[in-house]
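Here is a short briefing on one protein model. Look through the structure before reading the points below.

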Amino acid sequence: MHVFSGIRVDAAGVSPVLCRTTGAVRAGRSRPARGKPSARPFRRARTWRPCPRRRPGPGRGPSKKKIDESELLTVPDGWKEPAFTREDNPKGLLEESSFATLFPKYREAYLKECWPLVQKALGEHYVNAALDLIEGSMTVTTTKKTFDPYAIIRARDLIKLLARSVPFEQAVRILQDDVACDIIKIGSLVRKRETFIKRRARLLGPKGSTLKALELLTNCYIMVQGNTVSALGPFSGLKEVRKVVLDTMKNIHPIYNIKTLMIKRELAKDPELRTQSWERFLPKFKRKNLKKRKEPKKKNTKKEYTPFPPPQPESQIDKELASGEYFLKERQKKRKQMEEIKAKQADAIKKRQEERNKAFIPPKEKPVVKTKKASTEKKIDIEAIKEKVKNAKKKKLGALPEEEVKLKMAADEKKKKKKKKIILFS
């Protein structure tokens, strides 16, 4: 037996030849092993020749577009996995498995109340549960009676969900076969804390409306707590929830994904469109950069170009020569410096005194404005007074005149006579 470039060659000299372009393997003859006489006459081994390259077409070669393998996997409608019973694993498990998880301090009171219910739910699957309030941890372990090997994984997910503030009524659903969970960590996706809080609030929506719409479309229970998002539901829904949450933290508003999910739900109802591509129906949203470029506070204006270099700045010696200080003695220099310092001190004292004296300066009073007295002299209109007197005479004021009194008395007597006659005849 002889090894030639990683391929075994037998005594007869036949070896597989590998085509480098297509990866095809074909049989070929090689030289016999050295030092061993061959029964057949010597023949040269078939040389390697490149296969003609074929253009990639339908069904040939790898396609450029990457296809997600999970999308190709489909489950027929109405399919239900049969339940795992003791008959499937009558001897039980060989080793004991356990999982533990920590929980925050604010969950201690709730877990203490609902822990008997947790033990009862896990006891049906023969899994023990322990709560350590001193250490702040929850532990689940298998027993000798445990027959389902996946029960401990579901128990681990249950205590994880309880630690992430999911209520027991929802978390206990993880023990069902068709329910799974996903805990999405979003704390490290955004650098700034303020931006993280805004985007997390965007996921909830006004009064939790966005989260409620997402739950209805994906058939999942979603809990946003701290730096994580806990989701509980079917596998297909969990995939959509993760996509929406990650896109929201990447500054893509969840309303776009919700619109896409609504269209997909309607398309899934049509049996003809179920096997076709939905790209033509789904909306395509383009990003718009509305942010304006920040303008600098100090705008540097370009100076006019000059071929000459800038003038050389004066040194300290040049300044002293120009002012004549260079030729003064040390005593004279010190005296001059002291005079300058005293002059500055005098100016500072004067300004300070002026500020103190401002408090004693009275404020300027406003000039008193004299109000004009109402003129007592009024023009009397005689004609108007005459008209008032005439109207007063026409009005019946006080006692009636004598003529009117006599007429009234006569009228009253007539009425009395008539009444007496009526009484007599009756």
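In helix α7, the buried residues are Gly237, Leu238, Val241, Val244, Val245, Asp247, Thr248 and Met249. Buried means under 20% relative accessible area, exposed means over 50%, and partly exposed lies in between (1.4 Å probe, protein chains only). Helices (H or I, at least four residues) and strands (E, at least two) are DSSP runs, numbered from the N terminus.

This is a predicted model, in which local features need pLDDT of at least 70, side-chain atom pairs count only at pLDDT 80 or more, and totals for chains, interfaces and linings use all residues. Residues are numbered from 1 along each chain as its sequence is written, and side-chain values use heavy atoms, with hydrogens and water left out.

**Helix α7**
- The cover over the buried residues of α7 includes β8 (180-185), α5, α6, β9 (221-225), β10 and α8.
- The 15 residues of α7 should span 21 Å at 1.5 Å a residue, and the end C-alpha atoms are 22 Å apart, which agrees. The expected span is 1.5 Å times one less than the number of residues in the helix.

**Helix α8**
- Helix α8 (residues 254-269) has 16 residues and reaches 23 Å from its first C-alpha to its last, close to the expected 22 Å.
- Its buried residues are Pro254, Asn257, Ile258, Thr260, Leu261 and Leu267.
- Among the elements covering these residues are α5 (193-204), α6 (209-218) and α7 (235-249).

**Threonine 228**
- Threonine 228 lies in strand β10 (residues 228-233).
- Threonine 228 counts as buried because its relative accessible area is 10%.
- Its side chain makes a polar contact with the side chain of arginine 164 at 2.8 Å. A polar contact is a pair of N or O atoms within 3.5 Å; within protein, one must be able to donate a hydrogen and the other to accept it, and residues adjacent in sequence count only if both atoms are side-chain atoms.
- Leaving aside neighbours within four places in sequence, threonine 228 is in contact (heavy atoms within 4.5 Å) with Arg164, Ile183, Ile184, Lys185, Ile186 and Met223.

**Isoleucine 317**
- Isoleucine 317 is part of helix α9 (residues 316-323).
- Isoleucine 317 counts as partly exposed because its relative accessibility is 48%.

**Whole protein**
- The secondary structure comprises 12 helices and 10 strands.
- Of the 426 residues, 21% count as buried.
- Among contacts between residues at least 6 apart in sequence, 53% join residues at least 24 apart.
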